[in-house]
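Please look over the chain and its fold before reading on. This report walks through a few helices, their packing and some of the residues that take part.

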Amino acid sequence: VWDRAVTVLPRVDQLWYKYIHMEEMLGNVAVARQIFERWMSWEPDSQAWLMYIKFELRYNEIGRARGVFERFVECRPEVNAWIRFARFEMKNGEIGKARSVYERAVDKLADDEEAESLFVAFAEFEERCKETERARFIYKYALDHIPKGRAEDLYRKFVAFEKQYGDREGIEDAIVGKRRFQYEDEVRKNPLNYDSWFDYIRLEESVGNKDRIREVYE
């Protein structure tokens, strides 16, 4: 009956769940895996892929779970999927593999609308690995590439990072960057707000980069 149900209604997730659950309760692990494979061929949503991964992990099949993750990020190339994949590798003590997953994700999704959370997760991963220079490079690269309007959390995290690990100059740079971000946001929302423009120019004059000052005036 379950077999006929998933054949006739392959887009009804509940039928697949219950079919797999029945086989697993009976101890038919190989059969349950075959059903998962049939289900994945329909390219279901993220929750289905995560269920398959949890299934493999219940039987300590780390290699199989990794293989499912690879297909998951190919089918659903979303920031959240890649972060889950990297955290899976980290949890299993595979730091090199986790870093590789983050690097591949950045290659594919650096321009994605959700890229901010990817860069934050990557930088925090390097921080946990005591790789502060790597983390600093990721923050700076991200701040150069992500539009100001989508980088609020990134700036906040970077300032906190510099306060914890940076020298005086690095902390000052981070704070200036945060204020620069605020002024950019203000003049973007209201281009006729002269006070914000003058404050922004004064900020750049205090830093002393002539090109930046000129750019704001322009």
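## Helices and their contacts

Leaving aside residues up to four places away in sequence, R33 touches Y52, F55, E56, E61 and R64. R33 sits in helix α3. With a relative accessible area of 13%, R33 is buried. The model is a predicted one.

Start with α2. This helix covers residues 13-25 and holds I20. I20 has 3% relative accessibility, so it counts as buried. Which residues does I20 touch, not counting residues up to four places away in sequence? They are A32, I35, F36 and W39. Another residue to look at is Y52. I20 and Y52 lie 32 residues apart in sequence. In space, their C-alpha atoms are 10.0 Å apart.

Now α4. L50 belongs to this helix. Its relative accessible area is 10%, so L50 is buried. Beyond residues up to four places away in sequence, L50 touches F72 and R84. L50 and R84 are separated by 34 residues in sequence. Their C-alpha atoms are 9.4 Å apart in space.

R66 is in helix α5, which spans residues 62-75. Is R66 buried or exposed? At 19% relative accessibility, R66 counts as buried, because the cut-off for buried is under 20%. R66 touches F85, F88, E89, E94 and K97, again leaving out residues up to four places away in sequence. S196 makes a contrast in distance. R66 and S196 are 130 residues apart in sequence, and their C-alpha atoms are 51 Å apart in space.

| Residue | Helix | Relative accessible area |
|---|---|---|
| I20 | α2 | 3% |
| R33 | α3 | 13% |
| L50 | α4 | 10% |
| R136 | α9 | 12% |

**Two loop residues**

Two loops hold residues with a positive phi. E43 lies in the loop between α3 (29-40) and α4 (46-58). Its phi is near 50°, a positive value in a residue other than glycine. N60 lies in the loop between α4 and α5. Phi of N60 is near 60°, also positive in a residue other than glycine. Is N60 buried or exposed? N60 counts as exposed, at 59% relative accessibility.

Packed helices are described by the angle between their axes and the distance between the axes.

Helix α6 covers residues 79-91. It packs with α5 at an angle of about 160°, and the axes are 10 Å apart. An angle over 145 degrees counts as roughly antiparallel, so α5 is roughly antiparallel to α6. Their crossing is left-handed.

Which residues make the contact? From α5 come I62, A65, R66, F69, E70, F72 and V73. From α6 come A81, W82, R84, F85, F88 and E89. By class, this contact has nine nonpolar, no polar and four charged residues.

Some of these names have come up already. R66, one of the α5 residues in the contact, is buried. F72 of α5 and R84 of α6 are in the contact too, and L50 touches both F72 and R84.

**α9 against α10**

Further along the chain is another pair. Helix α9 runs over residues 132-145, and helix α10 over residues 152-165. Their axes come within 11 Å. They cross at roughly 150°. α9 and α10 are therefore roughly antiparallel to each other. This crossing is left-handed.

On the α9 side, the contact is made by T132, A135, R136, Y139, K140, A142 and L143. On the α10 side, it is made by L154, Y155, K157, F158, F161, E162 and Y165. The residues divide into nine nonpolar, one polar and four charged.

R136 is buried, with a relative accessible area of 12%. What joins the side chains of R136 and E133? A polar contact of 2.5 Å does. R136 is also among the residues that make the contact with α10.

How values were computed. Residues numbered from 1 in each chain as written. Predicted model: local features only at pLDDT ≥ 70, side-chain atom pairs only at ≥ 80, totals over all residues. Heavy atoms only, no water. Axes fitted to C-alpha atoms, helices over the stretch in contact; angles between N-to-C directions. Helix = DSSP H or I, 4+ residues; strand = E, 2+ residues; numbered from the N terminus. Parallel < 35°, antiparallel > 145°, perpendicular 65-115°, else oblique. Left-handed = near helix turned anticlockwise from the far one by under 90°. Contact = heavy atoms within 4.5 Å. Nonpolar A, V, L, I, M, F, W, Y, C, P; charged D, E, K, R; others polar. Buried < 20%, exposed > 50% of the residue type's maximum accessible area, 1.4 Å probe, protein only. Polar contact = N/O pair within 3.5 Å; in protein donor to acceptor, adjacent residues only side chain to side chain.
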